[in-house]
Amino acid sequence: MSELLEKCAAAKAAAQKLISVSTETKDNALLAIAKALVDRENEILEANKKDLENAEALGIRQAMIDRLTLTSARIKGIAEGVMQVRALSDPIGEVTGMWTRPNGLQIGKKRVPMGVIAIIYEARPNVTADAAALCLKTSNASILRGGKEAIASNTAIMKIMQDAAYSVGIPEGALNIIEDTSRETATELMRMNGYVDMLIPRGGKGLIKSVVENATVPVVETAAGNCHIYVDGMADLDMAREIVMNAKVQRPSVCNAAETLLIDKAVADSFVPQIFEALKGANVEIRADEASRDIYSDGIEKVTDEDYYTEYNDYILAVKIVDGIDEAIAHINKYNTKHSEAIVTDSYERSQQFLNEVDAAAVYVNASTRFTDGFEFGFGAEIGISTQKMHARGPMGLEALTSVKYIIYGNGQVRV
């Protein structure tokens, strides 16, 4: 039996047992996991060192190495995320509605686990703990398949989580990681009908496209983040500068970082020089349209249409001057990945137009796109950011990992 089939079978068997595991036992497991991650951080850091050495040898760019890197502080942050999941209310078993029909039948909706959730993701070791913790809290068995760049880190984290969870009563097989990182095994996982109830891809455009095109199991699509900041003609430009710099520079390798800056022509003459100076001071490569380069051309590359479609995940920013909010919205809806978009404006009317007309999972007024995150939204660690419109959209917390069943109480009714 292949590793994949063996672990899928184990997850399916564990999922049936997880239905009856109490909230107390799940919370005890999450507490044990958080403690073990910190107590055994040396094992994780040693494994991460191997991944980083391999990444350097392969010439992986620095922004992606940042995603891969673990430190003592980041491991503590991962453990804190697990504890935040523990503190959340358990949605499993919640009856969300109950009503009585004229024939006396009482009908209700009850939250239940999905069953087996598979996650395919790239070089983000923290996803291993986040995803497994969220699945565990919602009584779902998990099958994780990370990228080869982080396999040592992912395997070390999963071993620690398994040891901790199984020691307090979680059924074995509830937590799984696929150590075979070949493309063939990933494709096979996408087609494990009968074992996998939901598949969530987390990563760049190429990974998402591969999963959507190849999967035969149900998929929740999480897209790349081609995010925009629009600086309106009625914006506070000091605020705009701070928001743009945060959205682009604070952590450029993540999906909620800004990739395109749109500037209303009404403020372009004053805003372009100051924001370009600030961006260049932070070593951001600017690719701008002719109108922007007419104002400030020193060291600025010419933007292409392809740039507007690109999620850089790097210190690169596309810039365009637009003729007001209508053109900004049209540009965003043409080029974006429906992830996170922001407007900076003092106009209530324009803010509401932006909120209403921009098609994205998260739309901001006067705030950085960097807040699109389960932790920041109060959901605890997230399993992904859905950019589709069915079942779940935006940061996916606990409720997004549940389904419902109808429960019906009768007293002898038969249909006539």
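**Briefing: sheets, helices, cores and cysteines**

The sulfur of Cys 255 lies 6.9 Å from the closest cysteine sulfur, that of Cys 227, which is too far for a bond. A disulfide is taken here as a pair of cysteine sulfur atoms within 2.5 Å, and by this rule the count comes to zero disulfides. The model is predicted: local features need pLDDT of at least 70 and side-chain atom pairs count only at pLDDT 80 or more, whereas totals for chains, interfaces and linings use all residues. Residues are numbered from 1 along each chain as its sequence is written, and side-chain values use heavy atoms, with hydrogens and water left out. Helices (H or I, at least four residues) and strands (E, at least two) are DSSP runs numbered from the N terminus.

**Cysteines**

- Cys 255 counts as partly exposed at 23% relative accessibility; buried means under 20% relative accessible area, exposed over 50%, and partly exposed in between (1.4 Å probe, protein chains only).
- Cys 135, by contrast, is buried, with a relative accessible area of 0%.
- The closest cysteine sulfur to that of Cys 135 belongs to Cys 8, 13 Å away, which is too far for a bond.

**Parallel sheet**

- Four strands form an open sheet in the order β5-β4-β3-β6, with parallel pairing; two strands pair if DSSP finds at least two bridges between them.
- Its edge strands, each pairing on one side only, are β5 (175-177) and β6 (198-202).
- From one strand to the next the twist averages 15°.
- Five bridges join β3 (residues 116-121) and β4 in the parallel sense; across this pairing Ile 117 stands opposite Ser 142, and Ile 120 stands opposite Arg 145.
- Because six of the six residues of β3 are buried, this strand is largely enclosed by the rest of the structure.
- Val 116, Ala 118 and Ile 120 point one way from β3, while Ile 117, Ile 119 and Tyr 121 point the other way.
- Helix α1 (residues 3-18) lies across β3, β4 and β5 and runs at about 155° to β4; axes are lines fitted to C-alpha atoms, for helices over the stretch in contact, and angles run from 0 to 180 degrees between N-to-C directions.
- Helix α9 (residues 205-214) lies across β3 and β6, running at about 160° to β6.

**Antiparallel sheet**

- A three-stranded open sheet has the order β1-β2-β16, with antiparallel pairing.
- The edge strands of this sheet are β1 (95-100) and β16 (402-409), each of which pairs on one side only.
- The twist of this sheet averages 20° from one strand to the next.
- Strand β2 (residues 106-113) pairs with β16 in the antiparallel sense over eight bridges, and Lys 110 stands opposite Lys 405 in β16.

**Helix α2**

- Helix α2 (residues 23-39) has 17 residues and reaches 24 Å from its first C-alpha to its last, close to the 24 Å expected at 1.5 Å a residue; the expected span is 1.5 Å times one less than the number of residues.
- The buried residues of α2 include Leu 30, Ile 33, Ala 34 and Leu 37, together with the polar Thr 25 and the charged Lys 26 and Asp 27.
- These buried residues pack against α3 (41-58), α5 (72-87), α6 (125-137) and α7 (151-166).

**Nonpolar cores**

- The largest nonpolar core has 67 residues, of which Leu 37, Ile 119, Ile 143, Leu 189, Ile 200 and Ile 383 touch the most other members; such a core is a set of buried Ala, Val, Leu, Ile, Met, Phe, Trp, Tyr and Cys residues joined through side-chain atoms within 4.5 Å.
- Helix α6 supplies the largest share of this core, eight residues.
- A second, separate core has 32 residues, including Ala 240, Ile 263, Ile 275 and Val 319.
- Leaving aside neighbours within four places in sequence, Ile 143 is in contact with residues that include Cys 8, Val 116, Ile 119, Leu 189 and Val 196; contact means heavy atoms within 4.5 Å.

**Positive phi in loops**

- Ser 139, in the loop between α6 and β4 (141-145), has a positive phi near 60° although it is not glycine, and is buried at 1% relative accessible area.
- Asn 313, in the loop between α13 (305-309) and β11 (316-322), likewise has a positive phi, near 55°, and is buried at 8% relative accessible area.
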